[in-house]
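I opened the file to go through a pocket, a core, a hairpin and a few backbone angles. My notes follow in the order I looked things up.

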Amino acid sequence: MDIDFKDYQLRCELRGHEDDVRGICVCGSEAIATSSRDRSVRLWSLDSNRKFVSSKILLGHTSFVGPLAWIPPNSEFPLGGIVSGGMDTLVFVWDLNTGEKVHTLKGHQLQVTGIVFDEGDVVSSSVDCTLRRWRNGQTVETWEAHKAPVQAVIKLPSGEFVTGSSDSTLKLWRGKTCVHTFEGHSDTVRGLSVMSGLGILSASHDGSLRLWAVSGEVLMEMVGHTAIVYSVDSHASGLIVSGSEDRFAKVWKDGVCVQSIEHPGCVWDAKFMENGDIVTACSDGVVRIWTVDQNNVAEQHELDLYTSQLSLYKSSRKRVGGLKLEELPGLEALKIPGSTDCQTKIVREGDNGVAYGWNKREQKWDKIGEVVDGPEESNRQLFDGIQYDYGQFSLLP
């Protein structure tokens, strides 16, 4: 379907998650699945009025949930299924007919970052640097894909896989054999997508997007975001959408940004629906759908309310530990070694401030936890017996 570009406008907001919405999975034309830092997966389905409503809540993860994959309806899953991966290192397979877990896949040592459903198998990537192939609830293959955390995995129409990593490269896999390494990004490759008929899209912490030919040639570089780009997706029309820490979902056409959709928080994920509508996942806990179809645009009072939300957000930007969030350095600050053991540094990750401590023996920054403002009278907080002036540490789940 071709789409003549028109500005996207808000279609609706889907509220229900209690924390950052981290991932989106488009389930055909009738449903959307979303994952959240609130440890849940929600399914949103079209009702009789063609409105998306929360139809199922999938509970089981013990920490935040990230990547999702859809299992189209088949003999095992008459209404389809969902595969989810979490910070808890687990991969769950869910039956959407019952809302129950069918398989719990245990094997990864660290956070699960990517999931692909591959002809009955599940393929997952992890911060533990590996890819795993699962069949009937069991690991059938595992291999080290990069020497650094694997942040994303996708399947190409050819059946090959592509991974993106914190080592700033992409790798093309034929089975367990790496047949090409794509070099060009200067920082972590965080998101990947297939662009039909052209190649592979990548989103990076370096703030850029790239379109690669499968041969490894860079066909296009898209620069416009002012912070980490977390996600990228494409539509059959040729449009591309990206989500970033800079609070914008950007729409690209022929390598040019044609629209920047502002959000009241970090945009963790952005996906196209089959009809060209865009779904965004935001750190304010809200899923939003954007459309160019004037028949589906939200009522004027809803559009006005969203404008007010943006104004309110910008006028009261989050402070962490008494510091303005926008004044904190990004993850790039962790590339600079510490000078003393236990030295503490606070960096911005999405809409949160996170404290790291320098591990002199291992020469690396260890994550301590998230920093939030504490009561004014007790601004100096203790952590492991050490006093800090950064507000209150709350460890990430």
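**Residue classes.** I count Ala, Val, Leu, Ile, Met, Phe, Trp, Tyr, Cys and Pro as nonpolar, Asp, Glu, Lys and Arg as charged, and the others, Gly among them, as polar. I also note that this is a predicted model.

I looked up the second largest pocket, which holds about 250 Å³ of space. I found 13 lining residues, and those closest to the pocket centre are Arg 11, Cys 12, Arg 50, Lys 51 and Asn 296. I sorted the lining by class and got 5 nonpolar, 2 polar and 6 charged residues. Which strand gives the most to this lining? I found strand E1, residues 9-15, with 4 residues.

**Core.** I turned to the largest nonpolar core, a set of 18 residues. I listed those with the most contacts inside this core: Tyr 8, Val 241, Val 251, Ile 261, Phe 272, Ile 278 and Trp 290. I then checked which elements give two or more residues to the core, and they are strand E24 (248-253), strand E26 (267-272) and helix H1 (300-315).

I followed strand E14 (residues 150-155) next. Of its 6 residues, 5 are buried, so E14 is largely enclosed by the rest of the structure. I found E14 running antiparallel to strand E15 (residues 161-165), with 5 bridges joining the two. E14 and E15 form a hairpin with 5 residues between them. In the turn I noted Gly 159, with a positive phi of about 95°.

Most residues other than glycine have a negative phi. I looked at two with positive values.

I read phi near 75° for Thr 89. I placed Thr 89 in the loop between strand E7 (81-86) and strand E8 (91-95).

I read phi near 55° for Asn 136. I placed Asn 136 in the loop between strand E12 (130-135) and strand E13 (138-144).

Is each one buried or exposed? I took buried as under 20% relative accessible area and exposed as over 50%. Thr 89 has 18%, so I call Thr 89 buried. Asn 136 has 66% relative accessibility, so I call Asn 136 exposed.

Key
Residues numbered from 1 in each chain as written. Predicted model: local features only at pLDDT ≥ 70, side-chain atom pairs only at ≥ 80, totals over all residues. Heavy atoms only, no water. 1 Å grid on protein atoms, 1.4 Å probe; cavity = no way out; pocket = protein on both sides within 12 Å on 5 of 7 lines; lining within 4 Å. Points joined across faces, edges and corners; volume = space filled by probe spheres on them. Buried < 20%, exposed > 50% of the residue type's maximum accessible area, 1.4 Å probe, protein only. Pairing = 2+ DSSP bridges. Core = buried A, V, L, I, M, F, W, Y, C linked by side-chain atoms within 4.5 Å.
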